[in-house]
Amino acid sequence: MAGFRIPPEESDVSLQQQPLTRVTGAGDLVSDDERSVAADSWSIKSDYGSTLDDEQRHADAAEALSSGNFRAASDYSSDKEEPDPEAVSSMLGFQSYWDSAYADELANFREHGHAGEVWFGVDVMDVVTSWTKSLCIEISQGQLPNQVDDTTSELIEQGDKYLSEWSVLDIGTGNGLLLQELAKLGFSDLTGTDYSEGAIDLARNLADRDGFSNIKFLVDDVLQTKMGRQFQLVVDKGTLDAIGLHPDGSIKRIMYWDSVSKLVAPGGILVITSCNSTKDELVQEVETYNQRRIKVTQDPENAKDQEGCGDPPFRYYSHVRTYPTFMFGGSVGSRVATVAFLRN
């Protein structure tokens, strides 16, 4: 339901906007009106966008998209016959927006000590972290995901010892507060990446101030990642949403899955939280990506380059079931979806 915008509730921390004129990293002025339009195009903020100048990978993704095996993001998520142009692309998909936003938040932290915004709100972050903790404990204990309690369970109390074994990567970490919450729950091998240097500076300052200096923060673009390791748990809260809001979002989403499939260790999980896609839409997008990967490996011309990639990279594992739902166009939807995929 990418094109469907829900009116913000008064309690939603992440929906508040500051009417400021900002200067982007490229030196371009961004007016109040432009920022208002950008914010209106996406009702709940994410913490990441991406631009990419790698022409070859861009061309590969464009070719895959044109083959008809991978639909545009708006095709997955629109409830309307015609997609809403504001929902398809937005300033939120550009790095310049986030560089500017985090420059302001970093300045605000240095002057007032403010941590900045919590994307999707504190309540969603609490659900995501506690649910992810119980999911990791389940997997460590070799159990199947049978209607995991989204907040508390005996598994959580009995399985804290397993969490130190999980390596965690937060892509598009923003201010890093999600990793701080995971650290409080018992995770210890924690890394956050973001392509905005301002975001990483803010995250490091906040972590040092709050006593989480063990969390590692690195400047890295997930679409052309330089990470030299894989992680058992990769979390994405808003990153895929923002990538999809770039004018080339459909192509960049293909790049996203190619890149993330290399970051999640075999047997590990990817947890995506989105306000621009439903659970079923995310599952369909993964299935389409899997089919494309299988087709590529079956092509004799690509077989040598795709050695070891014959199996589908991801499969659906579980999703959060406690988010409030609403009816729209005869379908049940949710303001936010959190879905876990297992890396084969």
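This is a predicted model: local features need pLDDT of at least 70, side-chain atom pairs count only at pLDDT 80 or more; totals for chains, interfaces and linings use all residues.
Because Glu285 belongs to helix H13 (residues 279–298) and Arg253 to helix H12 (residues 249–263), the pair ties together parts that are 32 residues apart in sequence.

## Partly exposed pairs

The structure holds 8 salt bridges, among them one between Asp189 and Arg229, whose closest N and O atoms lie 3.2 Å apart. Asp189 sits in strand E4 and Arg229 in the loop between E5 and E6, so this pair links parts that are 40 residues apart in sequence. Asp189 is partly exposed, at 23% relative accessible area, and Arg229 is also partly exposed, at 32%. Through salt bridges that share partners, Asp189, Lys216 and Arg229 are joined into one network.

Another salt bridge connects Asp210 with Arg209, with 2.9 Å between the closest N and O atoms; Asp210 is partly exposed at 31%, and Arg209 is partly exposed at 44%.

## The sheet and its helices

Strand E4 belongs to an open sheet of 7 strands with mixed pairing, in the order E5-E4-E3-E6-E7-E11-E8. Its edge strands are E5 (216–219) and E8 (314–319), each of which pairs on one side only, and the twist averages 20° from one strand to the next. Strands E3 (residues 167–171) and E4 (residues 189–194) pair in the parallel sense over 5 bridges, with Leu169 standing opposite Thr191 in E4.

Helix H6 (residues 122–140) packs on the sheet, touching E6, E7, E8 and E11, and its direction makes about 160° with that of E7. Helix H10 (residues 197–210) lies across E4 and E5, running at about 170° to E5.

Methods. Residues are numbered from 1 along each chain as its sequence is written. Side-chain values use heavy atoms; hydrogens and water are left out. Two strands pair if DSSP finds at least two bridges between them. Helices (H or I, at least four residues) and strands (E, at least two) are DSSP runs, numbered from the N terminus. Axes are lines fitted to C-alpha atoms, for helices over the stretch in contact, and angles run from 0 to 180 degrees between N-to-C directions. Contact means heavy atoms within 4.5 Å. A salt bridge is a side-chain nitrogen of Lys or Arg within 4 Å of a carboxyl oxygen of Asp or Glu. Buried means under 20% relative accessible area, exposed over 50%, partly exposed in between (1.4 Å probe, protein chains only).
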